[in-house]
Amino acid sequence: MTMIPHSRSAPVPEHEHTQTPAHTHTNTHDHAPTAELTRLLFGPDRDRVHRPWRDLVADPRMHRRPEDPASEQLAASYRRLRAVNASVDAVALAASPERLAAMHEWTGPADGALTVLSGIHYNLFLGSLLDHDASPKRPLDAYLRMERIGTFLCTELGHGNDAAALETTADYDRTGRTFTLHTPAPSAAKFMPNTGPTGGAKSAVVAARLRADGRDHGVFLFLTPLTDETGHPLPGVTVHPLPQRPGSPVDHCLTSFDRVVLPFEALLTGAHGRLADDGTLGSAFGSKRKRFLAAIGRVTAGKLCMSASAIGGARAALATAVRYSQHRRVSGARPDRRVPLWAHRTHHGPLLAGLATVYAMTALHRRTLADWLAHDPADPVARDAAERQVAVTKGWNTWRARELILESRERCGAQGLLPVNGLTALAADIEGTITAEGDNLALWAKAAAELLLAADGASAAAAPADGDGAPVHRALRDPAGRQALLAAAGRHHLGRARVLLREAPAGEAIDRWNAAAPDSLAAVTARAEHAAGAALLAWAEAATEPTARSLLADLHRLFTLDRIDRHSTGLLATGALTARQAAELPALRERSLNRLAGHALPLVDAFDLPEPLLSRLPITTPAYQEAFSA
């Protein structure tokens, strides 16, 4: 993963803003630092990229109604999808990874099913059509007007992370210039796409094994009509609904094909492969795997979308929990005194740590998106590095979002379990982002193996030192020092993994990998944390408003201290961290919590969540008890 450098020319102040005890928070808002935080969170293109989606989800008609039956919720999500389509240039949206990511970031807290449906239609389906060769016999008008909704059929019941081994076939008949799409076995049924009858007519791009004259050319995409205007499957297409999952209802199904004949232009072609009339294939790639990865290239943009969806959900959950804890009052030290939940360190400590993490998640996502947009796709080394960074960011952000959403739910007690308060849907929906566009563990195992086998220098970190070579005991108080410790943690784990790989008994490759895998994965974690911390620190250094700058420095301190603590065993073992520093960690963390405790609401306000989106959740308002009893 690309490491993000930070400047040493503009040190971040450690002691600028005034500490405000948590129990004396007056719920006042200083708009200047909040506005600066918002500017940094959403970047210079905020008005172009983010504001249209923010404005869209401010409309109550775009909000999921968990009290409605699942069938009506699903139908409403498809109506919202059409409302989205009426408000956008579909081609421009599909062509813009940053706008697609922003769509996921904002729509998720309003309606998780809408996020799924729109991501599939605009990115995976329409994006795939646009990325391949155009054909006058394959017009896009029906999909741009959403007369037909698009879906994406790749994963099979028997093939998930090993999608290159898909069984679905598309046999070429040179006489009729047609393909016969077929599901040869139950394990080849397409698993999970939204191919149900709700929403009207649907088409799909279907991943299938192209065969001509008995030769297997690998997996390509084929444009395939699935259902008519009533949602009824077309001849040869079988659709079986899957059991309803928790969270936002989506019409996930098993879809099979019984010798469905497709025209020649159904095959999506490009540099990775073009089929001649006589059945010969011309391709810029010599391997089937590379052709397959090129065909499904939209999955990388999908990973960026999953990362964005995760930070949107995590921010909404934390905003809900923080607001609730400000007006929910409990008994204090004296029987006659009641205090906000927020007054208790046991309550606000985890939420403040969550705020530090979600700021780091957002900064990492923005950096990864910028690097993806800037990389040279013609340079295979640059492309591999950019794709690895996207994959690692997706995994780290979605896993952290799960933790933060569950922590936020718990901080809201039993009220957080009520679907009307939104947290249970966020908790269920985040599981989908962890699995979608490549299961996190599979993505990280690939990244870990690439790092493990790369020749990138020393495997273990030397202890940070000052000019005379003595250990730098002040490192924990210095942003650059904390970043250096996270980098050292990554090198330590990668070094251990390489030693374990060398020392593993010769024989089965899986046994050697198993020996090195835990530390290899830990190295990926440390690198993601280092990159997130560096991106957050860059924000702090770029902030022009003093309070915002200091708050970001405090968030960086809390975030990095927590991560260093988790890596402390290895850092102590290598001498990168001294015993004195390790003993100092808890006190430094407490000071960070003290400094941030009175500033949670401005930090949350900077998320810029529309008030109609938050106030629809009863527990976010002081009158929540009346709302429940009404």
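Is Arg 589 buried, partly exposed or exposed? Arg 589 counts as partly exposed, at 24% relative accessibility. Keep that residue selected, and remember that this model is predicted.

**Stop 1: Asp 562 and Arg 589**

The side chains of Asp 562 and Arg 589 meet in a salt bridge, 2.4 Å from N to O. Now colour the two helices. Asp 562 lies in helix α16 and Arg 589 in helix α18 (residues 579-596), so the pair ties together parts that are 27 residues apart in sequence. Asp 562 is buried, because its relative accessible area is 10% and the cut-off for buried is under 20%.

**Stop 2: α1 against α16**

Stay with helix α16, residues 546-566. Next select helix α1, residues 31-42. Two packed helices are described by the angle between their axes and the distance between the axes. Here the angle is about 60° and the axes are 7 Å apart. The two helices are therefore oblique to each other. The crossing of α1 past α16 is right-handed. Show side chains at the contact. From α1, pick Pro 33, Glu 36, Leu 37 and Leu 40. From α16, pick Thr 547, Ala 548, Leu 551 and Leu 552. By class, this contact of α1 with α16 has six nonpolar residues, one polar and one charged.

**Stop 3: Arg 46 and Asp 608**

Move to Arg 46, in helix α2 (residues 46-57). What does Arg 46 form a salt bridge with? The partner is Asp 608, and the closest N and O atoms are 2.7 Å apart. Asp 608 sits in the loop between α19 (600-605) and α20 (611-615). The pair links distant parts of the chain, 562 residues apart. Arg 46 is partly exposed, with a relative accessible area of 22%. Asp 608 is buried, at 16%.

**Stop 4**

Select Asp 45, Arg 48 and Glu 98. These residues are linked in a network of salt bridges. Side chains of opposite charge can pair when their charged atoms come close. The model's count comes to 39 salt bridges.

**Stop 5: α5 against α9**

The crossing of α5 past α9 is right-handed. On the α5 side, show Leu 100, Ala 101, His 104 and Glu 105. Among the α9 residues they meet are Leu 304, Met 306, Ile 311 and Arg 315. The residues of this contact divide into seven nonpolar, three polar and three charged.

**Stop 6**

Now go to strand β5 (residues 202-212) and strand β2 (residues 169-173). Which side chains meet in a salt bridge here? They are Arg 211 and Asp 171, at 2.7 Å from N to O. Arg 211 lies in β5 and Asp 171 in β2, so the pair ties together parts that are 40 residues apart in sequence. Arg 211 counts as partly exposed at 33% relative accessibility. Asp 171 is partly exposed too, with a relative accessible area of 27%.

**Stop 7: Ala 448**

Finish in helix α13, residues 440-453, and select Ala 448. Ala 448 counts as buried, at 0% relative accessibility. Leaving aside neighbours within four places in sequence, Ala 448 is in contact with Trp 513, Ser 520, Leu 521 and Val 524. Last, draw a distance from Ala 448 to Gly 432. Their C-alpha atoms are separated by 23 Å, and the two residues are 16 residues apart along the chain.

Methods
Residues numbered from 1 in each chain as written. Predicted model: local features only at pLDDT ≥ 70, side-chain atom pairs only at ≥ 80, totals over all residues. Heavy atoms only, no water. Axes fitted to C-alpha atoms, helices over the stretch in contact; angles between N-to-C directions. Helix = DSSP H or I, 4+ residues; strand = E, 2+ residues; numbered from the N terminus. Parallel < 35°, antiparallel > 145°, perpendicular 65-115°, else oblique. Left-handed = near helix turned anticlockwise from the far one by under 90°. Contact = heavy atoms within 4.5 Å. Nonpolar A, V, L, I, M, F, W, Y, C, P; charged D, E, K, R; others polar. Salt bridge = Lys/Arg side-chain N within 4 Å of Asp/Glu carboxyl O. Buried < 20%, exposed > 50% of the residue type's maximum accessible area, 1.4 Å probe, protein only.
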